[in-house]
Amino acid sequence: MNADGSARTSQRRRAPAAPGENVQQGVRFVAPPLTALQRVQRQRDRILRSQRRWESIKTDLPPQLSRKHIGMISIGGVIGTGLFLGSADALRNGGPVGALLGYWIVGSVVYCLCVSIGEMIAYLPNVGGVVGLADLYVDPALGFSLGWAAWYNWSVTLPAEITAAAVVIGYWDTAAKIPVAATSGFFLVVATAINCFPSRYYGEVEFYLSCMKVLTIVIIIIISLLIDLGASDQGTLGFKYWSEQPFAPSYLGIGGSKGRLLGFWAVIMQASFSFFGSEVPGIAAGEVIDATRNVPRALRRVWIRITLFYVGGILCAGLLVPATDPRLSSDDQTGRHSPFVIAFKRAHYKVLPDLVNASILVSAWSAAASDIYISSRFLFFLARRGHAPSFLAHLFRLNETRKVETHDEASEGDASSNASDTNSDDEEEGSVVEGPREAVTLEDGLGPVEEADPMLMKGSTYVLPLASILFSASVGLLTFLSSAAGGANEAFQWLVAVTSVASLQSWAGMLYTYIRWHQGTSRAEKKCAEMSPEDARTTMLQINHIKENRQWGQPYLAWYAFLLCILVLCTNGWAVFVHNGWRIADVMGDVVPTYDSAQREANPVSQFLSAYVPIPFFLLLTFGYKLIKQTKMISTDEMAFFRGRVPPYNPDDEGPKSWLQKLLESIKII
């Protein structure tokens with residue numbers, strides 16, 4: 001009976017052969033349970049398969065962002081409306097000391113996140129970024145949900161930035177002659193248009209816009225310090241407001257120590273939106289030239305931007321503006337409630353408030369362009385993996401070079417290889433495919449680079465994932481909620497809440513991936529005692545290479561940031577229950593407690609939904625994919641730390657450096 005059953009199983013698994021066909025392409029058979037060595041080899045094969053897929057994507061969509069581009073894009077993604085507009089709520093809710101502490105704590109989380117991502121990507125820069133690493137070292141289900149969560153994260157940020165731009169326009173348009181919808185539509189079209197050019201043009205535009213933003217925030221900080229030291233008719237301020245009111249006197253009508261603590265906790269949530277985007281270098285690794293060196297370098301230097309731009313900015317705002325200033329809570333739908341605008345008006349400076357609002361406007365548009373760029377690349381990668389509709393993987397090409405006939409056979413082989421590698425999660429757990437080994441090619445990630453024909457590498461002069469760009473940009477239509485939600489400022493606050501939750505989810509997923517990565521490296525070191533001397537030496541060489549980019553204090557830095565993200569995610573919507581009878585909606589016939597409007601959330605239902613709906617959505621993606629695909633969590637014994645084919649460093653890829661780039665490098669900005 002067993003023999004018959006085995007025969008039937010073998011017949012069922014063997015592909016039927018056509019009459020007269022000589023079957024030599026491969027045999028599929030049911031293998032016995034995999035040994036530990038076979039599981040590690042299976043993981044090495046998955047790494048190579050991910051690298052082949054990534055190499056195929058880079059071949060179709062060649063890298064065009066250099067070191068200077070990715071360094072400044074990471075800054076452009078950070079310096080946005082969260083610093084200029086959102087800091088008003090931080091100062092009002094937490095006071096000068098509470099706001100500074102809140103920004104400092106979130107800044108430390110971002111620092112831990114960036115050094116964790118930098119370590120992994122420095123070792124494996126060509127497997128699909130953090131999403132690919134989660135697939136390889138945690139669970140394919142987490143890679144799936146993290147990819148979609150990241151796309152959602154960047155997509156939802158887009159309407160928040162566009163809405164912020166519409167808010168700022170009201171600073172000059174005091175009569176409200178320009179409709180908010182027209183302003184929002186204009187900025188959305190312009191941000192989309194810049195992404196319809198090749199990446200190198202977007203990189204150049206973003207480079208100079210980011211340089212302008214860096215210069216502006218440095219000027220603001222310097223002038224703020226001068227005002228604090230007495231360069232205005234207010235005299236020397238020093239730490240006057242720190243000593244008078246270090247924390248906000250109350251939060252939603254709750255006073256005392258409890259109110260100060262709750263106000264400080266509200267700052268933590270707002271600061272998460274402000275810092276969102278610091279991990280851009282790790283996400284955009286696919287289109288970065290020499291990502292092995294440039295991406296970790298940009299991530300390691302993020303602490304300079306955190307300290308200078310955000311902690312320094314909120315410090316200056318707290319020195320110049322008291323938390324009780326009524327203009328901080330102004331609802332006039334303009335940029336007048338920015339603490340920097342208020343500070344310069346209190347000092348009776350006439351030009352600087354306009355400069356600050358112009359900077360907010362440029363920052364909002366620049367951040368919106370970055371949102372479209374990052375979200376569209378996420379969507380394109382998801383489509384290439386088979387996790388999104390296939391039309392989103394389409395590349396729009398112009399001036400495509402002619403294909404050489406002698407390479408048709410190789411092209412067909414590459415196409416079939418790409419098709420088979422579309423989704424690595426479809427492989428059968430108990431089967432092994434054996435077949436004749438094909439010739440080593442560049443697409444396999446094993447061939448020498450110099451075999452490629454330089455003339456064929458030119459490709460198209462215009463290659464873009466246009467479908468993904470337009471689809472991601474369409475999420476920006478949510479900005480027109482400002483017309484239905486009662487105003488642009490109210491819509492901005494709602495979108496900020498949604499974006500903050502989404503960013504914390506993504507951060508938590510990335511940090512958990514690193515925690516598993518670190519556990520795997522520790523386990524690999526312990527297993528060296530059980531290996532042969534040659535295998536142990538090879539393993540330790542790989543582990544030592546990883547440790548070259550490991551920050552002191554790991555994995556405790558990652559655990560600290562991960563637990564704080566989870567804590568904030570679980571408690572970020574508590575304010576909707578305060579002075580609301582612990583309800584998110586009113587029921588007809590019930591006695592509704594009466595509170596002043598300043599003591600309760602204006603829209604508790606929308607705030608509750610924006611705070612907590614993304615969490616079960618993320619869990620549904622993860623466990624739904626896990627249930628359908630029957631994926632398994634990668635154990636530490638199965639983890640293989642194998643670089644596969646990582647492109648070598650080529651100094652020629654850096655290109656010539658301008659005086660501006662040399663200056664930014666000298667001060668460690670890029």
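## Salt bridges in the model

A salt bridge is a side-chain nitrogen of Lys or Arg within 4 Å of a carboxyl oxygen of Asp or Glu. In this predicted model, Arg46, Asp135 and Arg385 are joined in a network of such bridges. By this rule, the count comes to 11 salt bridges. In general, side chains of opposite charge can pair when their charged atoms come close.

Asp60 and Arg397 form a salt bridge through their side chains, with an N to O distance of 3.8 Å. Asp60 belongs to helix α2 (residues 36-60) and Arg397 to strand β4 (residues 396-398), so this pair ties together parts that are 337 residues apart in sequence. Asp60 is partly exposed, at 22% relative accessibility, and Arg397 is also partly exposed, at 30%.

A salt bridge also connects Asp637 with Arg523, whose closest N and O atoms are 2.6 Å apart. Because Asp637 lies in the loop between α24 (614-629) and α25 (659-666) and Arg523 in helix α20 (residues 488-527), the pair ties together parts 114 residues apart in sequence. The relative accessible area of Arg523 is 28%, which means that Arg523 is partly exposed.

Lys547 and Glu525 meet in a salt bridge of 2.9 Å, N to O. Lys547 is in helix α21 (residues 533-547) and Glu525 in helix α20, 22 residues apart.

## A buried serine

Ser366 lies in helix α16 (residues 352-384). Its relative accessible area is 0%, so Ser366 counts as buried. The side chains of Ser366 and Lys213 are joined by a polar contact of 3.2 Å. Leaving aside residues up to four places away in sequence, Ser366 touches Glu206, Leu209 and Lys213.

Conventions. Residues numbered from 1 in each chain as written. Predicted model: local features only at pLDDT ≥ 70, side-chain atom pairs only at ≥ 80, totals over all residues. Heavy atoms only, no water. Helix = DSSP H or I, 4+ residues; strand = E, 2+ residues; numbered from the N terminus. Buried < 20%, exposed > 50% of the residue type's maximum accessible area, 1.4 Å probe, protein only. Polar contact = N/O pair within 3.5 Å; in protein donor to acceptor, adjacent residues only side chain to side chain. Contact = heavy atoms within 4.5 Å.
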